[in-house]
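Colleague: I am new to this structure. Please show me how to read its features, one at a time.

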Amino acid sequence: MKKYSKVLAAGMIAMMCLTACGGSASGSGSANNTSAGTSATTKDNSAYDVCYVSTVEDEWLTDLLNDMSVSAKNNDVALEVKHAGNDSSKVIQCIEQAKAEGKQATIVNVAYSSDVTACVEAAGDMNLVFVNRLPEPDDYNLLGGNVAGVASDERLAGTFQGEFLADYFKEKGQTDVRYLLIQGPLDLSHSVIRSEKPLEVLKDAGLNMIEAGTISADYDRAKAQKGVESFLATGTEFDCIISNNDAMALGAIKALENNGIDPSSLPIVGIDATADAVEAIQNGTLSMSVFQSAEGQAEAAILIAKNLIDGKPAGEGTGCTVSDECESLFYVPFEKVTPENVQDYAK
């Protein structure tokens, strides 16, 4: 199987310190010694003391958070999790707190790509690892030394979506394609890439891509459903749906079903290959997805943090590929998921 179980043992949960930035958590490692809403741990004899700053936890980012705790446990890392929400100032505050607390490294999932410079400044000489959400290319110069990044190459995800749709429409003999695009926040660089790359691939394949509509839904299933339902009310015709992630694609599918439209009657493509998306591919309502390994990114982030702490090359032992644009940027591969191989990704 390509996907892994997301079951967390109670002992792993206890390893995590769940903290809202601006407050503090303390204790002897037992949740019974903490205030309501938090659980805390001391370093507890682990070899490494690391913080993870988590932003808004959508469906995939929740998997990333859970996998981060598992990887920490397996790699002798005491992991404290600080929740910043979708708030840039809290992200910075969390990093500053981690530094003040003497953390050896902080792993951060930024709220916005524009936060990167402030994050690096807040970390100072503390080791810092960006995970999943990376600096803009113009800010790659911030990586290096005690700062690194790990994600998956978003260009490849968009390429897989574009190739699938190009094959679909070429087989139909259709060259004019009206598309509905569902986007994540455009102040995240990977949303921009996921929006642009599929269209680039389709145009390069000789298809005439015609925008039927664009919906911004913040990677949220409910927002996508509402947006698509409003779009359908306009009566605008479209031939396919390109979604920046699976949650929004699934919201679109629900909107189609609510309006008496069979989702299997047109291609709908997403990214992440979440459990719900895999099920949707199996039942024919979602055409394809792109597997983004939350487990792989979490494991790589933990290993990179350990390497930086130990003074080793950041990517050593991670199995990641190195970006051709920045030697301190590492990629966990994306994988195309279609009806032909979806069973490999089912739990």
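Modeller: Start with a term. A salt bridge is a side-chain nitrogen of Lys or Arg within 4 Å of a carboxyl oxygen of Asp or Glu. Keep in mind that this is a predicted model.

Colleague: How many salt bridges does a search of the whole structure find?

Modeller: The general idea comes first. Side chains of opposite charge can pair when their charged atoms come close. Here the search finds 15 salt bridges. Take glutamate 101 and lysine 82: their side chains meet at 3.1 Å, N to O.

Colleague: Where in the chain do the two partners sit?

Modeller: In distant parts, 19 residues apart. Glutamate 101 is in the loop between α3 and β4, and lysine 82 is in strand β3.

Colleague: Is lysine 82 buried or exposed?

Modeller: Under 20% relative accessible area means buried. Lysine 82 has 1%, so lysine 82 counts as buried. Glutamate 101, at 40%, is partly exposed.

Colleague: Which residues link strand β7 to the loop between α7 and β9?

Modeller: Arginine 178 in the strand and aspartate 239 in the loop, 61 residues apart. Their salt bridge spans 3.0 Å, N to O. Aspartate 239 is buried at 13%. Arginine 178 is partly exposed at 28%.

Colleague: What separates lysine 197 and glutamate 200 in helix α6?

Modeller: About one helical turn, because they are three residues apart in that helix. They form a salt bridge too, with the closest N and O atoms 3.0 Å apart. Lysine 197 is buried at 18%, while glutamate 200 is partly exposed at 38%. Elsewhere, salt bridges that share partners join Asp49, Glu80, Lys82, Glu101 and Lys103 into one network.

Colleague: What does valine 201 touch?

Modeller: Valine 201 is also in helix α6, and is buried at 15%. Leaving out residues up to four places away in sequence, valine 201 touches Thr159, Gly162 and Glu163. Threonine 159 is 42 residues from valine 201 in sequence, yet their C-alpha atoms are 6.2 Å apart.

Colleague: How many residues are in the largest nonpolar core?

Modeller: In soluble globular proteins, nonpolar side chains tend to be buried together. The largest core here has 33 residues. Among those with the most contacts inside it are Ile182, Val228 and Phe238. Helices α7, α8 and α9 and strands β7 and β8 each supply at least two residues of this core. The largest share, seven residues, comes from α8. A second, separate core has 30 residues, including Val50 and Leu308.

Technical notes: Residues are numbered from 1 along each chain as its sequence is written. This is a predicted model: local features need pLDDT of at least 70, side-chain atom pairs count only at pLDDT 80 or more; totals for chains, interfaces and linings use all residues. Side-chain values use heavy atoms; hydrogens and water are left out. A nonpolar core is a set of buried Ala, Val, Leu, Ile, Met, Phe, Trp, Tyr and Cys residues joined through side-chain atoms within 4.5 Å. Buried means under 20% relative accessible area, exposed over 50%, partly exposed in between (1.4 Å probe, protein chains only). Helices (H or I, at least four residues) and strands (E, at least two) are DSSP runs, numbered from the N terminus. Contact means heavy atoms within 4.5 Å.
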